[in-house]
Amino acid sequence: MVEKIWLTSDWHLGHKNILHLSNRPFKTIEQHDEFIVRRFNELVQPDDIVWILGDISFNQSYKNYADLFSRLNGKISVVLGNHDNRQHLLRCKQDGLIQDVRESKILNIGDKTIHLTHYPLREWHNFYKGGLHAYGHCHGSIPDYGKSTDVSLECWEYEPVEVQEFVQYVSENHDDIQDL
């Protein structure tokens with residue numbers, strides 16, 4: 001089986017207020033957290049590559065991060081979000097629980113480049129050459145711009161999005177911005 005690449009963002013595990021702040025359809029944060037992990041593992045295979053674009057959890061200990069990553073399928077890398085604990089994530093990388101931790105990442109998928117960040121950008125790598133942009137942070141609250149889209153859980157039915165589906169969606173539903 002060929003490995004897939006997945007994108008996701010803004011899980012906010014353990015963040016009780018996210019249930020009402022983002023109108024998430026769960027009665028408790030425990031139900032929310034278990035659903036996200038279970039659905040993720042139903043889709044993602046052990047050899048798949050996953051980029052979580054920030055805000056994995058809220059105010060969690062290293063042990064919480066380590067326990068989470070030990071439960072998840074896939075080879076996971078993280079683009080830091082505003083609620084992430086850099087030190088805990090770097091320790092998870094050092095301990096072999098995740099592959100990478102960084103501020104942003106450029107993926108090359110065939111002839112496409114995808115700039116991964118936590119925050120939405122107005123321009124990104126290869127912006128005027130058809131480059132794509134995946135971001136989180138906004139929970140679907142702002143309109144997409146150019147060939148960019150939000151991969152927060154709210155935008156993708158509380159699931160990660162496979163990168164080929166992301167490319168197809170952005171290519172079919174978003175216009176190129178022409179160089180002036």
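I took helices (H or I, at least four residues) and strands (E, at least two) as DSSP runs, numbered from the N terminus. I worked on a predicted model, in which local features need pLDDT of at least 70 and side-chain atom pairs count only at pLDDT 80 or more, while totals for chains, interfaces and linings use all residues. Residues are numbered from 1 along each chain as its sequence is written, and side-chain values use heavy atoms, with hydrogens and water left out.

**Entry 1: the largest pocket**

I looked up the pocket first. On a 1 Å grid over the protein atoms alone, a pocket is an open set of points with protein on both sides within 12 Å along at least five of seven lines, and lining residues have an atom within 4 Å of a point. The largest pocket holds about 200 Å³ of space, a volume being the space filled by probe spheres set on the grid points, which are joined across faces, edges and corners. Its lining includes L13, D33, S57, Y65 and R71. I noted that α2 (29-43) and α3 (62-71) are the elements giving two or more residues to this lining. Helix α3 gives the most, with five residues.

I then sorted the lining by kind. It divides into four nonpolar, four polar and four charged residues. Here Ala, Val, Leu, Ile, Met, Phe, Trp, Tyr, Cys and Pro count as nonpolar, Asp, Glu, Lys and Arg as charged, and the others, Gly among them, as polar.

Buried means under 20% relative accessible area, exposed over 50%, and partly exposed in between, with a 1.4 Å probe and protein chains only. This core has 29 residues, and W11, L68 and F69 are among those with the most contacts inside it. The elements that give two or more residues to the core include α1 (18-21), β2 (49-52), β3 (75-79) and α4 (86-94). The largest share, five residues, comes from α3.

**Entry 2: the five-stranded sheet**

I traced an open sheet of five strands in the order β4-β3-β2-β1-β9, with mixed pairing; two strands pair if DSSP finds at least two bridges between them. Strands β4 and β9 (161-162) stand at the edges with a single partner strand each, so one side of each is left without a neighbour in the sheet. Strand β1 (residues 5-8) runs parallel to β2, joined by four bridges. The bridge partner of T8 in β2 is I52.

**Entry 3: the four-stranded sheet**

I found a further open sheet, of four strands, in the order β5-β6-β7-β8, again with mixed pairing. Its edges are β5 (105-109) and β8 (148-150); each has a single partner strand, so one side of each lacks a neighbour in the sheet.

I followed β5 into β6, which run antiparallel and are joined by five bridges. The two form a hairpin with two residues between them, and G110 in the turn has a positive phi of about 60°. L107 has I114 in β6 as its bridge partner. Four of the five residues of β6 (residues 112-116) are buried.

From β6 I moved to β7, where the pairing is parallel over three bridges. I114 has L132 in β7 as its bridge partner. Strand β7 (residues 132-135) is in turn joined to β8 by three bridges, and these strands run parallel. H133 stands opposite S148 in β8.

Methods
1 Å grid on protein atoms, 1.4 Å probe; cavity = no way out; pocket = protein on both sides within 12 Å on 5 of 7 lines; lining within 4 Å. Core = buried A, V, L, I, M, F, W, Y, C linked by side-chain atoms within 4.5 Å.
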